[in-house]
Amino acid sequence: MFKKASICALSILLVLSVYSAYQPANRQLIASANSGNADQRYFMYGAGDTQDMNLYEDLVDQAIVYGMNSFRVWFSWSSFQNEDGTFDWSLMDAQLDYIDNKNMPFALSLYFAMGPDGGLPEAERVRDASGALTPYLSINSATAMDKMVEAYEAVISRYTARYPTNKPIFVSALFGMYGENEISGGGNGLMGDYSEASKQAFRSWLLDRYEDISSLNTHWGTQYASFAQVEPPTDFNGNKGLTWYQFRHHALKSAVDRLADANHAIGGTKFPLVMGSMFDDSASKRGTLDFVDLAEKADIVFVDDGPEYNHAFSMDLLRTNLPGKELAHEFDGPDLADNATYYHQASTAFEHGAKYVTNGNWNKSLQKFIDRGQLFEDIVDDYLGDPVTEINNPSQSMFVSDYDMLLNRNSAAYQRYYDTLYVNNPEPMNVHLLRDIDRLDWHKTNNDDPSLILQGNWTEQREDGPFQGDVLATDQVGASVEFTFNGDRIEWIGSKGTDHGKADIYIDGLLEASGVDLYAGQKQYQQVLYAKDNLTDGEHTIKIVATGQKNALSSDAFVNLDALSYHFTEFPAPPKIYRLSSQYSATQGENGWYYQYHDGNGYVNMTWNAGRWQGPNPYLFIESTTHMMPDGYDVVPVWKAPKSGTIRIKGNVKKDDMAGAICPGCADGIQVKIMKNGTQIWPTTGWQQLADDDLIGVWHDLTVNVAQNDLIYFVMNQKTNNYWDGSSWDPSISYVAPVYQLSAQYSNVQGQEGWRYQYDGGSGPVDMTWVNNRWQGPGSVDYSFVEPTAHLMAETYDLLTNWEAPFDGTVRIYGTAKMDDDGGSGCYGCGDGIRVKIMKNGTQVWPSSGWQSIQAVDLIGVAHDIDVQVQQGDRIYFVVNQNANIYYDGASWNPSIRYRIS
């Protein structure tokens, strides 16, 4: 048998290989060894709404034979309340009396979702996103909630009084369609309640939050005239989708809290929060990502995992974030897995802190319960003789973000990281939940935000632990990232580790923190590395600078940026990101997206059919989830640039289906590429290959200049056949503002990155000459040069370092011109300084007229920060004049130019 086996999803094959058949002589004694103790474990048989009394009695008797020490009895609302509102307790009394006569502890699960006998009126039921009526209770209907709470109170009052020495361990009130405390829905993937009651509640909540419609429009990027016009979205994309999720959470918590209050007001039993999904795609749809807030008033917290799930991860996530709560775990059956898999699920739950483990849906067949007897006996033998596992100060920990889950809707990366830690040390660990969704007045932005200003060499690193699965990292001295926000608090979020260094933090140009140390003895993701509170209300800029310094224990000096989170006092506008999944539409060209295929001669628009874009062949389609498939022809989502600029094209393409053991060697995978008009831009040549079983896929992240109406084609090809070629590709496109900085892009090639190195020969600009690793002026003078550090001198002839605009737009030109040499102690102030100005073509743009003088001893210099309209081909000249003489005229001018994103 398994005795205290600590196993995770990675080791389930070990369980399969050693499943035991041992049975002790007196299982009932073991099951009752800790009876009555506060730390007693319970292994409950779950009988789901069994109307057949004979079957019910046989199930109870068999559970006792196996040594199970409690029974969880399910009753639908219709089984105990009639259509006229009266109660019929006959079935419930009979079944509970039978258990009580056996001296067996029990719990009640009441399924309220479908209403009492006769169902609920239409106004009290959920409508799905299409408007179709469902049979399920709407928690946004006040009358439906009143009826449910009244019935719930009646059950608790009756059975805590009827069994004074064997009160129900807990009584759950399950209003979700799947028998949990979750959002119900319909055929649109459980996306929520779109009944009139829900819409009105949503609008009232929006009014309380935004106060005026202009604030909502700013935050959502909409143009509603009043709150009465607002319709709830059907997804969680952007600020609008996040707000919809937050309202759904508010409605769900209000319902859960009301039931908990009703339970506690009567007393005598416990209130459980029951969830059927633990931090996965379904959790976002069902509304349980912030389970910590939902569980505030719960005594017990249940999770009903599928047998295939990572139960160690889910139990550690619950235990870490719900100290003081009793934990419970249900496994479904009886036909979803074999005995070893079910044993693994139950044993993992107990070993990671569960007090209760129960089976679900096993009452359909007594024979199947008997056939699985060995499973139940082994769980009893191995676990009911010991108290609840006490887990103190685990040696490993990790962090997960609920907002990250809402954006990505997939916890695979977090679970891979969990497994990486677990396989090296297979013991319970702390999995901390970052409750970003609950921070209503905070905005969390990823490191790919188009408004970030990066200086120096930063590289993107894709990893499983960070927010959104990536960080920007650098070990270059002086490399920096700058972000401007409107609020009064800011947090820098990143990782700590054994190769991390130190950074300086500037707020609004002032040094706020020096040498912030990112070293840690083990990798720690999603840490708040620095926080600044109590800023004045308004616009601020944070700048993070890599110092190149490190802790003596660190192996390197890497500094990274995962995300930035700030507290806003005015609702921020949504980021301008074009993403296929969030802007998918039934109209060709809406939001710039087209849905096409290549017929061998050119690109052809698909046809809208049955809720998706369809090509001429049956498996040639693009769906709203970005699931797509080539079939004979290439499948090609296309984006049309609305304006000129530099765009970043980021995304992941992966297989969704694979032949696997079903048909080994049948499928050959897919191949993909990205085109701009008729030119391939990724990969550089050929196709990017994806094998049939590549369910993780490949990432692309590239920048390219576009003109208005340029087309970006995302081409997917089936290769030889299209067997199991279903795949996903969800590219996002954002206009970015690359920084053109003289020192960062200094080159020995004239015109590279737009920069030219010239002097004024008297009749116009003349190219300098590359000599001894710097640009040198005419041979007749010695001190006319521009060096890689932007150190320069202008002898006799004005320097005309200049930059050519690659496209139309508004550019921000900022920097500081300063002296590098004040003459020192030997000749302090002997020079007469320099003069500078900025020209656009032949027009001066800074200062407004004349020259800006830089005094000979001014080692701090004069800053400029101006906006200038440019057209493609315009030149910005940074003019330096020696003044009357060149004594100690060594200076620096390292201007930066950045396009404003409109």
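Mentor: A crossing is right-handed if the near helix is turned clockwise from the far one by less than a right angle, and left-handed if anticlockwise; here, H5 passes H8 in a right-handed crossing. The model is predicted, with local features needing pLDDT of at least 70, side-chain atom pairs counting only at pLDDT 80 or more, and totals for chains, interfaces and linings using all residues. Residues are numbered from 1 along each chain as its sequence is written, and side-chain values use heavy atoms, leaving out hydrogens and water.

Trainee: At what angle do H5 and H8 pack?

Mentor: Angles run from 0 to 180 degrees between N-to-C directions of axes fitted to C-alpha atoms, for helices over the stretch in contact. Helix H5 (residues 142-162, a DSSP run of H or I of at least four residues) packs against H8 at about 30°, with the axes 10 Å apart. The two are therefore roughly parallel (under 35 degrees). Their contact (heavy atoms within 4.5 Å) includes Met145 and Tyr152 of H5 and Leu259 and Ile266 of H8.

Trainee: How are H6 and H8 placed to each other, roughly parallel or roughly perpendicular?

Mentor: Helix H6 (residues 196-210) and helix H8 (residues 238-266) pack at about 110°, with axes 10 Å apart, and are therefore roughly perpendicular (65 to 115 degrees). Among the residues that meet are Trp205 in H6 and Phe247 in H8.

Note on methods: Parallel < 35°, antiparallel > 145°, perpendicular 65-115°, else oblique.
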